[in-house]
2 protein chains.
Amino acid sequence: MALIVQKYGGTSVGDIERIMAVAERVKRWRDRGDAVVVVVSAMSGETDRLIGLARQIQARPVPRELDVLMSTGEQVTIALLSMALSAKGCPAHSYTGAQVHILTDSAHNKARIRDIDAARVRADLEAGRVVVVAGFQGIDEHGDITTLGRGGSDTSAVAIAAALQADECQIYTDVDGVYTTDPRVEPRARKLARVTFEEMLEMASLGSKVLQIRAVEFAGKYRVPLRVLSSFKEGEGTLITFEEDAVEDAKIAGIAFSRDEAKLTVLGVPDQPGVAHQILGPIADANIEVDMIIQNVAAQEAMTDFTFTVHRNDYARALEVLEGTAQQLNARQVLGDPQIVKISLVGVGMRSHAGIASRMFAALAEVGINIRMISTSEIKISVVVDEKYLELGVRALHEAFGLDRLEVA
Amino acid sequence: MALIVQKYGGTSVGDIERIMAVAERVKRWRDRGDAVVVVVSAMSGETDRLIGLARQIQARPVPRELDVLMSTGEQVTIALLSMALSAKGCPAHSYTGAQVHILTDSAHNKARIRDIDAARVRADLEAGRVVVVAGFQGIDEHGDITTLGRGGSDTSAVAIAAALQADECQIYTDVDGVYTTDPRVEPRARKLARVTFEEMLEMASLGSKVLQIRAVEFAGKYRVPLRVLSSFKEGEGTLITFEEDAVEDAKIAGIAFSRDEAKLTVLGVPDQPGVAHQILGPIADANIEVDMIIQNVAAQEAMTDFTFTVHRNDYARALEVLEGTAQQLNARQVLGDPQIVKISLVGVGMRSHAGIASRMFAALAEVGINIRMISTSEIKISVVVDEKYLELGVRALHEAFGLDRLEVA
């Protein structure tokens, strides 16, 4: 008997018919003798409906209350799925995040999981029940409801799998696995049977929407075997694996990209110790996550230019914060550009293969794309380009690195 | 500074505009220096929407899961109202039933409140916040979400007022007070400035929909001053008072009625000790509330006929249970009638005035209404009649007891 945690996203539970289909799938696993915990998101559209209600009242709803509101979305789904399971003769109990003590910090709307008390879940599994848990939500130490932010249901699933030491955490979604890149941008994109955790982590962080990055981090940290599958068609999906050797021998696993980037630059700040912290500290305090950071020597002596990227949703707020900081630092100017995207090559193969970066830059130059920023890590190279070049850039790289070719068994 | 608990029903918080209006009203009380706790229902329509989803899955949804589902309705409202209060510069914290430990028994869908831990509410009030609590819901000792059944938000409000020893519990609704009878049935119905708890209890139990009976019981038991007011127009509403002397000298306070009645009869059961329990025990076990009970001598010797009424929603189930019992008891026949209504005269004045009953029966006979069952208590007389006679009966009694005449100051 295996212990499986399955997560179904909003599209997979988008209406009653789909909820019944999920119940049918869960039942099949259970009938095979597996113990199943199901983590679900809000029905698709529900989160937007709720945010819409809140925005009619406040442009920026009180974060604590927004969490109280948003968390009802998954609560509806857990109840309906448990009913659907019962209707199919499969006993089930639903739990909110609070009920299974998914303890988080108090950063409302983007809380992080600290601990899970899995005792109640275990007891239900032992009693032969399927356990249905609300994803995306938890409680903080004061007993206040928190949410993990959009996509947090994946993280909930992995955290629960880790707490239960599950044999596999299966993320059911509307795609049937991890692709070399987004097939909507490059139709020749190819599904990967396996991908390493490191690669997946980079892909997720770079905007491959298949899995939430925190979920992948969590899975890597607690060594939870993770699998991405489709809710709508059968298949093995993509296994996220710890063993690099098992991964196909390609240099590059895929091309990730992120449309929702924005770039901010402070020109002419004193080139002295602590300046990076002075600039980014207030940004972090505003709970804005910074992605790429670049510091250049400025035209003026003893001065430097400082550039970083944030999620486009945070752009307006980041600009506001940065303008305040710039004044304090007597900076020359603040520039911003919310019309940029990031394209990244990802692959553990980079470690042992030289020349990847130059091939990448050459491929982009060939189609006339100007690179605005570059950032590299051990297994990825990212470039920031103008938004309009996204599709062109992805396709050029997909072609240049031969990602459309069939896998060799 | 007074401590006021206000309860707003589904119509009062039916859309964002109305929620803003409630926030405005709450703020006015708070600006006067009062501490305010607000208890809210689900937005009107929401409960039906949720039940509709559940019924697409199961005709009789699993009670435990139905509560998980239904309780989201109020949770949405508390979040939105707290946001609305914040938007008006009035700091507020929302709480689900579970969060303020509204401890109930485990009778899902119709749970009863056992205890409330008001510590958290008190702390917020002391910090100058308005506290917004989800009505209708609680948790049981296992931490499972429960609901009190429809209308249970009134009970939540009164229970919270009792726990906080509030100065007044105000129930805001879509009517502006308690009337001598339903104005939709008798347009000459008159609003009462005051009514005693006992009268209100009888009126509520007899189907006057202004207040939930359990709420009135709770208020009476814990001596919580209760006031019924309109959310939509200004006014003093009706105060439910403990002092009988203070109440106008009328013999009759009003005429209550209940449309949703059904009658069940077992003919020819052994006339022996324990038979009533044998008949009603299984009904109670099925969690069906019985209202009127009448036992007659049957035509056969040593036999008896047994009749009782239940809520019409419970009719089918009660009939099923009763047919099982009747077989065990070798009863002659089971009869049922779901097309009946109950009309009741209520008034503490009955205690000191004779002849009310005969005047009532005469008034009904005069318009040709056949009485099917009669039941009396110290301050009320109820009759069961065919459904079609409801309006006629109410109007005849309203006239006969002069309820349309103006109050004497």
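How many residues does the contact take from chain A and from chain B?

1. The answer is 26 residues from chain A and 26 residues from chain B. Contact here means that the C-beta atoms of two residues, placed from the backbone, lie within 7 Å. Bear in mind that this is a predicted model: local features need pLDDT of at least 70, side-chain atom pairs count only at pLDDT 80 or more, and totals for chains, interfaces and linings use all residues. Residues are numbered from 1 along each chain as its sequence is written, while chains are lettered from A and ligands numbered from 1 in the order in which they are written.

2. On the side of chain A that touches chain B, the elements giving two or more residues are helix 2 (46-57) and helix 3 (63-87). Helix 3 of chain A gives the most, with 14 residues. (Helices, H or I of at least four residues, and strands, E of at least two, are DSSP runs numbered from the N terminus.)

3. By class, that side of chain A has 16 nonpolar, nine polar and one charged residues. Ala, Val, Leu, Ile, Met, Phe, Trp, Tyr, Cys and Pro count as nonpolar, Asp, Glu, Lys and Arg as charged, and the others, Gly among them, as polar.

4. Now the sheet in chain A: eight strands form an open, mixed one in the order 3-6-2-1-9-13-14-12. Two strands pair if DSSP finds at least two bridges between them. Strand 3 (92-95) and strand 12 (194-196) of chain A are the edges, each pairing on one side only.

5. Strand 13 (226-230) and strand 14 (238-241) of chain A run antiparallel, paired over three bridges. Leu226(A) has Ile240(A) of strand 14 as its bridge partner.
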